[in-house]
Amino acid sequence: MSDLRRIAVVGAGLAAVSACDALRTQGYDGELVLYSAESGLPYDRPPLSKDVLLGKARREDVLLRPEQWYEEQRVDLREGTRVRAIRPHEGGLELIDGSVVGADRIVLATGGTPRALPVPGGDDPAVHLLRTWEDAERLRERLLPGARVAVVGAGLIGAETAAVARALGCRVTLVDPVPVPLAAVVGDDIAGALHLRHSAEGIDVVTAGVERVERRPGGLGVLLHLNGYGGPLSADTVVVGIGIRPATELAEAAGLAVDNGIVVDAGQRTSHPNVFAIGDVARRDGHRVRHEHWEAAQQDGEAAAHGILGRPVPEPGAPWFWSDRHGSRLEAVGTMADAERTVLRGAPDSGAFTVFGLRGDRVVAAASIDRARDIKAARRLVDRRIVVDPAHLADESTDLRAALR
């Protein structure tokens, strides 16, 4: 650590704040500068599509750390400061005002940008994206009782937003070209049960793609023209939740290796030895996908701290995530696409059940609706690579904790 006088972290999401926290916890005592393009203290993003839209959470309720934490940990938070370029070969970075500041190590935590609707009219003012606090505030003003809301994309963000809009009394239509979204991640049984719940809650579900968006006569809302649908869909507000693009512009301009994200090793080091990347923007070399989830971002920040300080990186374990909708919680560990077969625990028509994904005699993935205990056990089964009896997984009278001993 003797050559580390200043570390610059670009971005201010969970991964960035976790990296700062881990660096201080592990004894780094030099300058630590956190560059945030947004104004205000860094905040948590998952609540944006849930309690923030519902009006249950204020900005101060979703802060990642209180204001005094930055002072106590000597984290120099530069709010509203955008980084124009990184210059790792020169040991620094360039800010949007043209000034150049030094940095012995640079951590890119630039996250991602929401994908816009790539059709004519997709940039209409009635079409909303949801990624920032300001996005959520603008959208919340539109989710009024009786408003016609079309949500395009039935993944995690789209499904959560549709559920919130319905709870607020909106007339909601959920549009997705895939008949059963999320099946590759959580399996057909869980994905099917989740998707059917939308209809049960009064949401119109349409399997189609959007061809174009156009203004209605008189400027009252928009029309969505869909593939294979009976006619245009009228809406006052459109919400687009079709994923994010990793914000790799700074990395690409600096000549770093980029392939579906900034390519990193186990310690989050990029192709330049003094630059690290974490969170949604990073993809581990040898892994097919980026894990755009809360826990993955937190673990990336911790791994980067180990990598920067030259210490062994802890094994992160299987990826885990959750999603809340219609009063139920989805939890998943691992990726169901890695499984050769599945085992059900509980009845799907009960609304609360678990699916285990097995490869050979080991659990490699699991997903559940309102069965937190099952997922807690499944995480340990996956991480420890414990041999299991499928009959015990299926038998609800069997205590899964016994398999862990």
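Which residues are linked with Arg87 in a network of salt bridges? Arg84, Glu90 and Glu94 join Arg87 in that network. The model is predicted. The protein has 11 helices and 25 strands.

**Overall build**
- The C-alpha atoms fill a box of roughly 65 × 65 × 35 Å along the principal axes.
- A compact globule of 405 residues would have a radius of gyration near 22 Å, and the protein agrees, with 22 Å.
- Buried residues make up 51% of the 405 residues.

**Salt bridges**
- The protein has 28 salt bridges.
- Lys50 pairs with Glu160, with the closest N and O atoms 3.1 Å apart.
- This pair links distant parts of the chain: Lys50 sits in the loop between β2 and α2, Glu160 in helix α5, 110 residues apart.
- Both Lys50 and Glu160 are buried.
- Arg379 and Glu295 meet in a salt bridge at 2.7 Å, N to O.
- That pair also links distant parts of the chain: Arg379 is in helix α10 and Glu295 in helix α9, 84 residues apart.
- Arg379 has 22% relative accessibility, so it counts as partly exposed.
- Glu295 has 12% relative accessibility, so it counts as buried.

**Inside the network**
- Glu90 and Arg87 form a salt bridge at 3.6 Å, N to O.
- Glu90 counts as exposed because its relative accessibility is 61%.
- Arg87 counts as partly exposed, at 28%.

**A charged patch**
- Arg373, Lys376, Arg380 and Arg384 gather in a patch of positive charge on the surface.
- Arg373 lies in helix α10, which covers residues 372–384.
- Arg373 counts as exposed because its relative accessibility is 74%, and exposed means over 50%.

Conventions. Residues numbered from 1 in each chain as written. Predicted model: local features only at pLDDT ≥ 70, side-chain atom pairs only at ≥ 80, totals over all residues. Heavy atoms only, no water. Patch = residues over 30% accessible without salt bridge, like charges linked within 9 Å, V, L, I, M, F, W, Y side chains within 5 Å. Areas by Shrake-Rupley, 256 points an atom, 1.4 Å probe, with all protein chains shown as cover. Salt bridge = Lys/Arg side-chain N within 4 Å of Asp/Glu carboxyl O. Lys, Arg positive; Asp, Glu negative; His and termini not counted. Charge placed at Lys NZ, Arg CZ, Asp CG, Glu CD. Helix = DSSP H or I, 4+ residues; strand = E, 2+ residues; numbered from the N terminus. Buried < 20%, exposed > 50% of the residue type's maximum accessible area, 1.4 Å probe, protein only. Rg over C-alpha atoms; globule rule 2.2 N^0.38 Å.
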